[in-house]
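Subject: Handover of a structure and notes on its fold

Dear colleague,

Please find below the structure that I am handing over to you. My notes on it follow directly after.

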Amino acid sequence: MPLSMVERGESREITDFRGQEEMKRHLQDLGFVKGEKIRVLGGNPGGMILMVKGVKVALNRALANRIIVAD
């Protein structure tokens, strides 16, 4: 399921990415790597606030839609 569909307060594990290699590298540079746990802290229709590796990260929903997490 895409990360953009995860509800506030839930934690999931990253399993894959969709998109071009450049976008995947950018997300990996931000700490989004396969097997990493990610927690949704909040958000609105335009973006999400996430906790990755102990760091808060804001991500727009278009990018969040390209990160695949475990159900």
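Two strands are said to pair if DSSP finds at least two bridges between them. Strands themselves (E, at least two residues) and helices (H or I, at least four) are DSSP runs, numbered from the N terminus. The model is a predicted one, in which local features need pLDDT of at least 70 and side-chain atom pairs count only at pLDDT 80 or more, while totals for chains, interfaces and linings use all residues. Residues are numbered from 1 along each chain as its sequence is written, and side-chain values use heavy atoms, with hydrogens and water left out.

Overall form

The chain contains two helices and five strands, and from the N terminus on its elements follow the order β-α-β-β-β-α-β. The radius of gyration, taken over C-alpha atoms, is 11 Å, close to the 11 Å from the globule rule (2.2 Å times the number of residues to the power 0.38) for 71 residues, so the chain is as compact as a globular protein of that length. Along its principal axes, the C-alpha trace spans about 30 × 25 × 25 Å. Of the 71 residues, 35% count as buried; buried means under 20% relative accessible area, exposed over 50%, and partly exposed in between, with a 1.4 Å probe and protein chains only.

The five strands form an open sheet in the order 4-3-2-1-5, with antiparallel pairing. Strand 4 and strand 5 stand at the edges with a single partner strand each, so one side of each is left without a neighbour in the sheet.

Strand 2 and strand 3 pair in the antiparallel sense over six bridges, and here Val40 stands opposite Leu50 in strand 3. Strand 3 is also joined to strand 4 by six bridges, again antiparallel, and Met48 stands opposite Leu59 in strand 4. Strand 3 and strand 4 form a hairpin with two residues between them, and Lys53 in the turn has a positive phi of about 55°.

The core

Which residues have the most contacts inside the largest nonpolar core? They are Leu3, Phe32, Ile38, Leu50 and Ile67, in a core of 17 residues. Such a core is a set of buried Ala, Val, Leu, Ile, Met, Phe, Trp, Tyr and Cys residues joined through side-chain atoms within 4.5 Å. At least two of its residues come from each of strand 1 (11–17), helix 1 (21–29), strand 2 (37–44), strand 3 (47–52), strand 4 (55–60) and strand 5 (67–69). Strand 3 gives the largest share, three residues.

Contact here means heavy atoms within 4.5 Å. Not counting residues up to four places away in sequence, Leu50 touches residues including Leu3, Phe32, Ile38, Val40, Val55 and Leu59.

Ile38 lies in strand 2 and is buried, with a relative accessible area of 2%. Leaving aside neighbours within four places in sequence, the contacts of Ile38 include Leu3, Ser11, Ile14, Phe32, Leu50 and Val69. Ile38 and Ser11 are 27 residues apart along the chain, yet their C-alpha atoms are separated by 5.5 Å.

A residue before strand 1

Gly9 sits in the segment before strand 1. Is Gly9 buried or partly exposed? Gly9 is partly exposed, with a relative accessible area of 37%. Beyond its neighbours within four places in sequence, Gly9 is in contact with Arg39 and Val40. Gly9 and Val40 are 31 residues apart in sequence and 5.4 Å apart in space, C-alpha to C-alpha.

With kind regards
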